[in-house]
Amino acid sequence: MKPLAQFAFLSALVMCSPLSFAETCTQNNNTLNGLVGLDGSNTIYASISSSSNECSCTSVRFLETNADTKIALSILLAAKMANKKVRIDLLDKTNCNTGYRVFVQ
């Protein structure tokens, strides 16, 4: 491949997939200390606090593009009603709006 074509291909690849280079993050022992629910069209919001706060998030959003939002909401509501802590995984450690997995701990 010619150098110019290689440069154009790599530039397009990087511009089209910024999350492919993002580092994931897991935040453990989150207490659901506030609002949990629907925040806009198919976006789930949860206010959280964590003693270890690995991802530096005090709230998290689960977008339809990253997770099955109906299932995420079900898990979050069950944990909130049972006063259980949750583990939340983010696709991008610098963006608390990239939740994609949630587990009851």
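A residue is called buried when its relative accessible area is under 20%. The structure treated in these exercises is a predicted model.

**Exercise 1.** Find the partner of Cys57, and state whether the two residues are buried or exposed.

Solution. Step 1: the sulfur atoms of Cys57 and Cys96 are 2.0 Å apart. A disulfide requires sulfur atoms within 2.5 Å, and Cys57 and Cys96 form one. Step 2: Cys57 sits in the loop between S2 and S3, and Cys96 in the loop between strand S4 (86-90) and strand S5 (99-104), so the link joins parts that are 39 residues apart in sequence. Step 3: Cys57 and Cys96 are both buried. Step 4: the angle about the S-S bond is -95°, and the link is left-handed.

**Exercise 2.** Which residues are linked with Asp89 in a network of salt bridges?

Solution. Step 1: Asp89 forms a salt bridge with Arg87, with the closest N and O atoms 2.7 Å apart. Step 2: Asp89 also forms a salt bridge with Arg101, where the closest N and O atoms are 2.7 Å apart. Asp89 lies in strand S4 and Arg101 in strand S5, so this pair ties together parts 12 residues apart in sequence. Step 3: the network therefore consists of Arg87, Asp89 and Arg101. Step 4: Asp89 is buried at 0% relative accessible area, whereas Arg87 is partly exposed at 24% and Arg101 is partly exposed at 36%.

**Exercise 3.** Where in the chain do Lys93 and Glu23 lie?

Solution. Step 1: the side chains of Lys93 and Glu23 meet in a salt bridge, at 3.3 Å from N to O. Step 2: Lys93 is in the loop between S4 and S5 and Glu23 in the loop between helix H1 (3-16) and S1, distant parts of the chain 70 residues apart. Step 3: Lys93 counts as partly exposed at 40% relative accessibility, and Glu23 counts as partly exposed at 48%.

Key. Residues are numbered from 1 along each chain as its sequence is written. This is a predicted model: local features need pLDDT of at least 70, side-chain atom pairs count only at pLDDT 80 or more; totals for chains, interfaces and linings use all residues. Side-chain values use heavy atoms; hydrogens and water are left out. Helices (H or I, at least four residues) and strands (E, at least two) are DSSP runs, numbered from the N terminus. Buried means under 20% relative accessible area, exposed over 50%, partly exposed in between (1.4 Å probe, protein chains only). A salt bridge is a side-chain nitrogen of Lys or Arg within 4 Å of a carboxyl oxygen of Asp or Glu.
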